[in-house]
Each structure stands twice: as C-alpha cells, then as structure tokens.
Amino acid sequence: MMSETRIEFKGQWRDYQARVLAASESHLKDGKIHIVASPGSGKTTLGLELIGRLNQTALVLVPTVTIREQWVSRIQSSFVVETVDVSEFVSQDLKHPKKITVATYQALHSAISHFKGTLKEKSDVNEESDDLLAEVDELVDFSNFDLINNMSELGLATVCLDECHHLRNEWWKSLEFFCQSFPKAKTIALTATPPYDSTPALWQRYVKMCGEIDQEISIPELVKEGSLCPHQDFVYFSQPSQEEKKKLDAFYQASFQFCDSLLKSSSFQDAILTHKALSGQLTDEELLEHPAHLSSLLIYLQAKHQAYPPRLKDLLSDKKLPRLTVDWLGQLLQYFCYDEADFYGIEESYRKQLIKEMKARGLIEKNKISLVKNQELDKLLLHSTGKIQSIKEIVSHEYQQSGRDLRQLILTDYIRREFESQIGQYQLLIQKIGVLPIFEVLRREMVDKWQEMKMGILCGSIVVIPLSAKRAFLDLVDQEKVSLQNFAGLEDFISVSTIGSSHFLTAAITELFMQGEIQVLIGTKSLLGEGWDAPCVNSLILASFVGSFMLSNQMRGRAIRSWGNHPEKTANIWHLISMNQRPTFFVREKSDSGLQMDLAESKPDDSMEQYGEDSPDFQLLKRRTEHFLGLSYDGQTIESGMERLQTIKAPFSRKKLKEINLSMLEASSNRKAIREGWQSALTISDSFEVASLTEMPKEVVSSALFIDAKRSFIYSLLFAGLTLLLHSLPILRINFWLDLVLILVLLTFIGIQAWRFYHYRSPLTRLQVFGQGLLHSLLDQNKLSTHECKVHVETLDGIVMMISLKGGNNRDKEIFTQAMKEFFAPIDNQRYLIYQNGKKARKEMAAYFAVPSIFTRQDQILDFVKKISHYIGQYELIYTRNEQGRKKLLEARVVGLANQQNQLLNKKMVCKSDLK
C-alpha cells in the first residue's frame, strides 16, 4: 500500500524561486513547465516542490546514479521531518515504484528495451575517459518487465525530467515512447544547459518533450541572490616540456625544409604559372569563388618576381599585397592540390608526388594541408605535461594565500592507472597529464614545502585520502564495508576500497573535503563534473580538454556554489593554456642565392607575435567563454566572451606570457576586489536582463533610409516652392483663409520630411529600424516564443553599434542575434541576398545584405523581404544560384573585399541594467 505522505519544503524560498513557484500554476496550464537555471540555483528543490504541490504519483528521471541519490537525499533533508522514513514513499527501482520514483534515463531505456545485464554508467557519455566509475555499475533484469503497464497501474501523473539535454538518440526514443503512453501526465523539465545552439529540428524535438521555456534564472541573478558566490576566471599559460618541444621542433624543421625546397623548385613555379587566370581563361566570378586562392597566387608570384595581369590585383580592391609567409604558401598548396586543382594545367603525376611528400612529413590530414600544425601536434599541446608545472604553481600560490581555508578541486580527463606503480620514484619524468601524475608532482612538492597540506584523490575506480584523515573517515562509514591500505607504498596516504556496494564512498570523501581533512582534491570530470555537490570549493583548476558550453558549465558549476558556513566565499576558476612558440617563416632575397625560405630567430620580442592564437587550448578557452557570463577584469561589466578577460591580448611573447601569469596570480589573491566588483555591477539597478548583443561598426549600417529621407525632404521643398509660386499668380488666389490653410499643410508636410531627414542621419537610429524590421519578420512567422520583446540599440563612443533583443527567453535572443549577425555578415556564398540598386549603392557594402538562414522556405523569404523593405527602403531579392544572381554575388564580394576591415561583427552576452 503506497504512503499518502505529501512532501513540502521546510526552508525559506529565495526571491527567484518564489517568483518561479508563483507562476507555476499558469505555466502548467499546457501540461508542461520548463525551467532553465544555472548550476547551484536549487533546481532539485524547485522540482520537488512542484511535485509536492501536484501531489500525484511521480517519476523523476536523472542522468546519473549520483544525481539520483541526491534527489532522495534532498527529500529527506529538506522536505520531511527527521522521523519520517522516505523509503516508505520514495523508490530508486523502476521495478518497485512508489509515490515518487527516481531513476536514471539509462534505466528507463533499459526497461523499455527489456535489457538484462550490467548498466555501466558514465557521467559524460560523449567523452572518452579511463575512469570507469565502477561504483555505479548496476545489475538489472528487465527481460520480463512491463514498465508501461506497471506505471499505469500505479497511476503515474507527473514526469520530472532533470537535465534531459544529456539524452542520447536511443534514450530520446525510449523517453518519447514512454511519455506518449501517458499523454495526460504533467511534465516538469529542469536544466542548466538547454541546447540553444542546436539545429531547428533538434530544438523542436527538445521543446516538444519539455515545452517552451517558462522561466530562466541567470548566473548574475543567482550571485545577487546569494545562491552562487562571486567568482572569476583566470588564465595560466605554460609551454611544452623539453621532450614535447623536440617533437614540435622536428615537425617545424620538416615543414621548413619542405617549404624551402618548394620555393627553390622551378618545377613548382612552372606548375603555378599554368594557372588559368594568368592566361585569361577564368571569369571574375570563378576567381572570386575563393578569394583566398587568388590572394595566395598573387602573393607567391610577387615574391617570385613573376608578372601577372594587373586586373587580377584590381579584383582584390587594389590593395598592397602582403609578403609571402608559410600560411599563404599553405593556402596556395591547398587550392593547388585539392580545392581548385583543375585551375592548373599540369600533369597529375606531379601533384600526386607533391601530396605524397607532404603526407610523409605529416603536413596533410584528411585532404587538408597545414604547414604549421596538425592533429598530432594539437593533441600534444592539449595533453602537454607543461600544464602540470602550471598546476603546481597555482596550487602553491593558492595555498600560500588561503592556507587551511583552501578547498581546491582539480578536474582532469584521465586517471593514468599505469602510473601508479611509478609513484614515489623521484627520478621519473612525468610524461602524461592525469590524476596520478598530478598527484605525484604535488606530493613531491608537499614533501619539500607543504608538509601540512592535505591532498586526496576521488575517482570512480581509485580513492586516496591522507593518513591524517583516517580517523575522520572511519567515523563516516561502516568500517566493515571498507578496506584501507597504504597507497603505492606511501606512508602518508591511504588507498580506500569497498567490500560490496560503494555508493556511499563519494559522499564520505566529500564530507572529508568539506571538513578540511582534504584541502586539495584531484578527480576526473566523469565523476565530479556534474551533480557532485561540494559547496566548499573555492578554487577550481580545469585540467580538462572539454570545450563545449554544456560540459564546461557543469565543471565550472562545482566551484561557484555559495557556502553557508562561509558567506564571504569567492571562487577562483583556473583555465590552463599551453602555448608553443611558433617559428615565423618568411621569404627574403639574397644576391648570391636568390629567394630562399628563412626561419626567423626565436627572440622574446614583444613586437613579434611569437605564440599563435591557433593554440588548441586558446581556441578551447574562446569556446568556453562564449556563453559564460562573468565579471570583466576591470570590474565594470558582467558579460561573456574573451573581451572581458582584458589582459589576454595578442601579440604574445615569452615575456608577455610570464607577465600575464604574474598578473593572474596577483589578481586571484584579491578576492575582496572580486566580491566588490560583482556587488558594484549588480547593484546599479534592482532589475537587470541578460542581453545577447551583436556589435558592428557603424559603416555596415545602410544609409538607405537617410538617402530616402534626404530625397523626400528635397522633393518636399521643391514641391512646396513650386506650389507657392503657382499660387502667387492672381488667377489662382482664392481667399486669405484658404491660402493660410494651404501654407500650414505645406509647412506640416515639409516639417515631417525634415524630421525624417534629421532623424535618419544617425546610424544608431537606422540600426534600430533594421532591428525592428527583422524582429517583426520573426514575429510574423512565429519564430519567437513571445511577442513581449523589443529591439534595444546603443553605441560605444559613436563608432561601434550594438543591438540586442529585450524580453523573450534566451532562445529568442539567440535567434534574433544570430539572424542579425547573418544579415550583416560579409557576403560569401549565401543563397539569397537583398540588394539596393543605384550607382552609389553599388560601391557601398550597405547595398548588400544576406537573408538570415532561419527563413528557409520561399514564402518565408519573400515575406521577410517585404517586411524588411517596409522598414529600410526598397531592396530587391536576389537568388544567387542562377546567372544573374551570381553576377550580383560577385559584385557583393568585390565590395566586401574592399571593406572587409569594416565588417567585423562580434556576438556576446551582457548583463544589462534597466534596458529601455
């Protein structure tokens, strides 16, 4: 007999939680409520309260066993009195459901597919890891179990989906089948990372399951409310180890030798001279299909002092050609060997031989030529052991600053179990990054400098605690279920294993961490990257190679939770970047030997960009910061993107990287300044909104509206003057009052035209109108979830224009921002353009705009053009896949090349106060 116990929250709701709950009844009218909230916002508590208010049989689905147990634990700690046994009405077993059943998505899929065997679960199903998480393996037998019938008999009426963005394709199918079997059940969807950047089809599938987003709770709001603590992202640079540098140098040397021989090769020069453009066999349209090819061709010919038709340079807007570098040579080779090989009239055998030689040197991967990097080198930099030195320096600094208060978490991707037998051997070089190598490097440092620092390991298949924590640990567990022994022969560390189930182990180690029995905890993202709750973490080192928003956000969320015991908590989040000194290849002339390829000397010269931004770690950091709202280094704004990390700017040199590291350490020490920065940024106004901004130079904003207004104003003056002139004739005079009315009408007409002329002089005003046209096009075609939104524009020093959408959810803002960015994007090979005719317009990049990709069908595109023309003036629709359209596309490209320095668009999120 199922218990009738009703759960009810025993604590106090925060303002944002109360706001969500107050609107919940209205949101549930369509049978679904969808809440998006950052890690640490109390989504579990909100979900349980909603389940309690519905007071019906509920199934809660979660991504991992750890999170499953946290739901049950939260019911016990926050929703029932201590004397109530939650096992009376809460189950974690689908085969034995109760009023509230909590299960994993994997278990649901297994039940639907009648699986029998062991569920081997990983927190992140998309990333490789050697952390097998043995403690969450479960033996199940659903071979003769009918889940649908079982839940129907129980009267299932509520389904709660926690972090359902995790679902793999087969899990989606099982969940969809299950939910279709209970069409009247209410759905509660909770997530921190909805798939905003997914395709429209995937987004519609997601919304069909979870419903439209009803409430969003941002990180700034949570910091202001105190649910999250003030925090800051810091970047620490390292260089490859000597062994890694040898491999890199060997590659560079092989590439240099190849480039040198190629530049001296008369055969290669003769092959390049067969390009059809040099003999007039290609149209302008064909040449500008890939402008980079034409540029690389002319740059090479210029370096070799070979003549070419001046018309070709004119196509590139008659700009001064840059000097030949290895990057330009690589582009030329890419087109020569693969992308536009048919433009060259050579024997195929020569091209094949060239490709064979480059492959032998590792310069080609999957038909892509790169003379300065390859996947193997990228992997080497991502896994560089130089980062371990960075970790050691960060830990040392943080320990010196915080002492016993330090609670540092180091997350990485691999354990490196093979390294365990080598721990304690001081002469051993560390050749891989992972949990055990990091542990060993820090352990060595502890012996020399930090004897009192307490360090531990928490992974799925290995747990290590300091000897000093033994007594506290045994007080937390059933001693008959654990086995303790010295770890790797070390006297000061204990390896913990379990007898039977080990589900309790993570909670016990977490408690030791909270108590300070462990101060530095090393683990894998698989176990600790999501769902793991330890609000004491005040320093996080991301020694992981994950760059996606979803996974990075989960890891970052471990550190930014507030801690009731320490209301002044501030968290430092460290990102590790391995930057290699990339040699600069350039061509120079010598009178005795002619042209040759030289390798620039490696000097720490700040004027030379010695360390390239193409580092895989640097690109990973850019991806991470695109969606993270955080405090800018100057403490003035809360925004996303690399721009807020104002110290991190190219060009980079060895000296500058050291200076950046020192500045990072210094800034991380001033936690008070971080707290005050957040407080200052968030207390400007009682209300704020997260805006998704598109930044652009004022030059990209069309002057069409201004030109039309100017023309209308001039015509109105001429018309008024002519009317008054004719009316001055005696034969046309009527009487004084009619003459006065006529004059007033003419003055009103002229005044309106004068106001339009003055009003549209401002690029910011014109941008506002562009945005309104786009917004109404999106609303008319039901591309946004609500009509309660409007366009907001502003300017930075009158040079940079910024446009965003106020109102709507984050998905709406993302759609608007992306559409605006595509609309103003440089013309490349878009299928549809809109075009403003006129001699002057043809020379301006504002004459050509792209139709945003969200408008797909012909009727949608025509409706968009009609709507936008109503706002910005008459533009023609151009389909670029026919002969006439290709000509317009070519014109647009030429104009774009001439103005490419003015076409830089930037997209970011900003926390704005009181958007009007």
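Modeller: Axes are lines fitted to C-alpha atoms, for helices over the stretch in contact, and angles run from 0 to 180 degrees between N-to-C directions. Helices (H or I, at least four residues) and strands (E, at least two) are DSSP runs, numbered from the N terminus. The model is predicted: local features need pLDDT of at least 70 and side-chain atom pairs count only at pLDDT 80 or more, while totals for chains, interfaces and linings use all residues. Residues are numbered from 1 along each chain as its sequence is written, and side-chain values use heavy atoms, with hydrogens and water left out.

Biologist: Why are helix 17 and helix 24 called roughly perpendicular?

Modeller: The axes of helix 17 and helix 24 (residues 616-625) come within 8 Å and cross at roughly 70 degrees. Angles under 35 degrees count as roughly parallel, over 145 as roughly antiparallel, 65 to 115 as roughly perpendicular and the rest as oblique. The pair therefore qualifies as roughly perpendicular.

Biologist: Which residues make the contact between helix 17 and helix 24?

Modeller: Contact means heavy atoms within 4.5 Å. On the helix 17 side Asp-378, Leu-381 and Leu-382 take part, and they meet Pro-616, Asp-617 and Leu-620 of helix 24. Ala, Val, Leu, Ile, Met, Phe, Trp, Tyr, Cys and Pro count as nonpolar, Asp, Glu, Lys and Arg as charged, and the others, Gly among them, as polar. By class, this contact has four nonpolar, no polar and two charged residues.

Biologist: What makes helix 10 roughly perpendicular to helix 15?

Modeller: Their axes cross at roughly 70 degrees and come within 12 Å, helix 15 being residues 326-339. Helix 10 is therefore roughly perpendicular to helix 15. Phe-258, Cys-259 and Leu-262 of helix 10 meet Val-326, Leu-329 and Leu-333 of helix 15, and the residues of this contact divide into six nonpolar, no polar and no charged.

Biologist: What makes strand 3 and strand 9 the edge strands of their sheet?

Modeller: Two strands pair if DSSP finds at least two bridges between them. Seven strands form this open sheet, in the order 3-4-2-7-8-1-9 and with parallel pairing. Strand 3 (90-91) and strand 9 (215-217) each pair on one side only. Inside the order, strand 2 (residues 58-62) and strand 7 (residues 158-162) pair in the parallel sense over four bridges, with Val-60 opposite Cys-160. Helix 4 (residues 65-78) packs on the sheet, touching strands 2, 3, 4, 7 and 8, and its direction makes about 160 degrees with that of strand 4.

Biologist: Why are strand 10 and strand 16 said to stand at the edges?

Modeller: Nine strands form an open sheet of mixed pairing, in the order 10-20-19-13-18-14-15-17-16. Strand 10 (231-238) and strand 16 (482-487) each have a single partner strand, so one side of each is left without a neighbour in the sheet. Direction ignored, neighbouring strands are turned by 25 degrees against each other on average. Strand 15 (residues 463-466) and strand 17 (residues 490-498) run antiparallel and are joined by four bridges, and the bridge partner of Pro-466 is Phe-493. Helix 25 (residues 654-669) packs on this sheet at about 150 degrees to strand 10, touching strand 10 and strand 20. Helix 26 (residues 671-682) also packs on the sheet, at about 130 degrees to strand 10.

Biologist: What space lies in the largest cavity, and which residues lie nearest its centre?

Modeller: On a 1 Å grid over the protein atoms alone, a cavity is a set of points where a 1.4 Å probe fits but cannot get out, and lining residues have an atom within 4 Å of a point. Grid points are joined across faces, edges and corners, and a volume is the space filled by probe spheres set on the points. By this rule there are nine cavities of 30 Å³ or more, and about 120 Å³ of space lies in the largest cavity. Of its 13 lining residues, Tyr-252, Leu-381, Asn-580, Asp-614 and Ser-615 lie nearest its centre. Helix 10 (242-264) and helix 17 (375-382) are the elements that give two or more residues to this lining. Helix 17 gives the most, with three residues. The lining divides into six nonpolar, three polar and four charged residues.

How values were computed
On a 1 Å grid over the protein atoms alone, a cavity is a set of points where a 1.4 Å probe fits but cannot get out, and a pocket is an open set with protein on both sides within 12 Å along at least five of seven lines; lining residues have an atom within 4 Å of a point.
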